[in-house]
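The sequence and the structure come first.

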Amino acid sequence: MLQTYCDSININNDVIFRLSSIDSLPNSWRPNINVAVKVSNLDELKKFINLKNAGLSNLLLLTSENYIFSLADNIAKILDTENTLEEDDVISFIHKFNELRILYRRSDMHHTVFLTNHCNSNCLMCSQPPTKSPDLWLIDEAILIAEHINQSPNTIGFTGGEPLLLGDKLPFILNHYFNLHPNSALQVLTNGRLFSQDKLTERIFSELNSSVNWQIPLYGHADFIHDYVVQTYKAFDQTIYGILALQEHHQSIQIRTVLIKPVLDNLPKIAEFITRNLPFVCEVALMVCEPTGFALANKELCRVDLREWHDKIINAVEILVRGNLGVVIMNAPLCVLPSELWVHAHQSISDWKRVYTNICDDCKVKSQCSGLFASYKASWLPSIINPIN
């Protein structure tokens, strides 16, 4: 979720809108959405004022030009002081802070909708630490984002917090996206624990009309390891029950595990457990820890040098491949992986979080590399970064 600061006038409430140029407005305007029209010169300003005078009340003016901003009297308007917004971006204007949040950027590869701050786990390396403050407004925001997306992306992810805490509001949101964007693949990142509650599971799948890929974290082959990582008693039992419940409902499942020390110590055993007990999952994702959130408070467990764990990672991948399971390695720069694992490496870091070091400028595979989390600058790197020539 990107943020950019702005000046505004005649906007008294928070609002979500889609960005449009004045020329593309005839094709992008809808009566049920708000549209911010980017105005760059006097001719475009004249066209905008004519449209407002014609009764198009759901338009507001957005410009990066100070003189345009000053000339547009008595019009709801925003001055984009950083000029970072693009056609079809979905923006939330936060009146209290005079701030723009970019909720959806069409040009990004990865699109994620944040559904809740609440969670029933406290994972050692959580990059989005849960809060207890009310956040039902995020549901309304998610619905509005769906309505303001102009062109359906290939994939839309949903995350939190723990999305299953929304109960039957979750299938309502997913169905809404499916109805508006039927060609987009929907993915939900959830710890899966609440799928151990049969009544909730039946209610969700009796109401769900969309196809979903469920991404479930698993951090151990035994309860004491997984429960320790998520800091919750009986979480392992609930997670396994939830995965089995998803299988009963013929759902697509990806297992995710984050490569911190307690996981890496047991990674081949975790791989064996998955291949023997959960062979129906479609994929297993091995993920480099994002150095932010709770990971900073648990640095001794979460900070690892991936080069020191190559043998364990290679062994685990071999076990999963022999078990006919798909394997992806996420968030890992290619230079910190052995070359035989590159085939599994994905460019998975969200566009707005991904950065490269100056050293990467001379790397021959930079365009194929996942890069680094921007948060490494205040924390740590996954290993020594070297250009590949």
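Is Arg106 buried, partly exposed or exposed? Arg106 counts as partly exposed, at 35% relative accessibility; buried means under 20% relative accessible area, exposed over 50%, and partly exposed in between, with a 1.4 Å probe and protein chains only.

This is a predicted model, in which local features need pLDDT of at least 70 and side-chain atom pairs count only at pLDDT 80 or more, while totals for chains, interfaces and linings use all residues. Residues are numbered from 1 along each chain as its sequence is written, and side-chain values use heavy atoms, with hydrogens and water left out.

**Salt bridges**

A salt bridge is a side-chain nitrogen of Lys or Arg within 4 Å of a carboxyl oxygen of Asp or Glu. By this rule there are nine salt bridges, including those in the table.

| Pair | N to O distance |
|---|---|
| Asp88 and Arg106 | 2.6 Å |
| Arg101 and Glu141 | 2.5 Å |
| Lys366 and Asp361 | 3.4 Å |

The salt bridge of Asp88 and Arg106 has a distance of 2.6 Å. Asp88 lies in the loop between strand E5 (77-80) and strand E6 (90-94), and Arg106 in the loop between strand E7 (99-104) and strand E8 (112-114), so the pair ties together parts that are 18 residues apart in sequence. Helices (H or I, at least four residues) and strands (E, at least two) are DSSP runs, numbered from the N terminus. Asp88 is buried at 3% relative accessibility.

Arg101 and Glu141 also form a salt bridge, with the closest N and O atoms 2.5 Å apart. Because Arg101 is in strand E7 and Glu141 in helix H4 (residues 137-148), this pair joins parts 40 residues apart in sequence. Arg101 is buried at 9% relative accessibility, and Glu141 is buried at 6%.

Lys366 is partly exposed at 28%, and its partner Asp361 is exposed at 51%. A network of salt bridges links Glu86, Asp89 and Arg105.

**Aromatic rings**

Rings of Phe, Tyr and Trp (its six-membered ring) pair if their centres lie within 6.5 Å; planes under 30 degrees apart count as stacked, over 60 as edge-to-face and the rest as tilted. The count by this rule is five aromatic pairs. One of them is the edge-to-face pair of Phe158 and Tyr177, with 4.9 Å centre to centre and 85° between the planes. Phe158 belongs to strand E9 (residues 155-159) and Tyr177 to helix H5 (residues 169-180), so the pair ties together parts 19 residues apart in sequence. Phe158 is buried at 2% relative accessible area, as is Tyr177 at 0%.

Phe205 and Trp214 are also edge-to-face, at 6.0 Å and 75°.

A charge sits over a ring if NZ of Lys or CZ of Arg is within 6 Å of the ring centre and within 35 degrees of the ring normal. Lys77 lies over the face of Phe69, 4.5 Å from the ring centre. The charged end of Lys366 sits over the ring of Tyr356, 5.0 Å from its centre.

**Cysteines**

With a disulfide taken as a pair of cysteine sulfur atoms within 2.5 Å, the count is zero disulfides. Cys369 is in no disulfide, and the nearest cysteine sulfur, that of Cys335, is 6.2 Å away. Cys369 is buried at 9%, whereas Cys282 is partly exposed at 40%.
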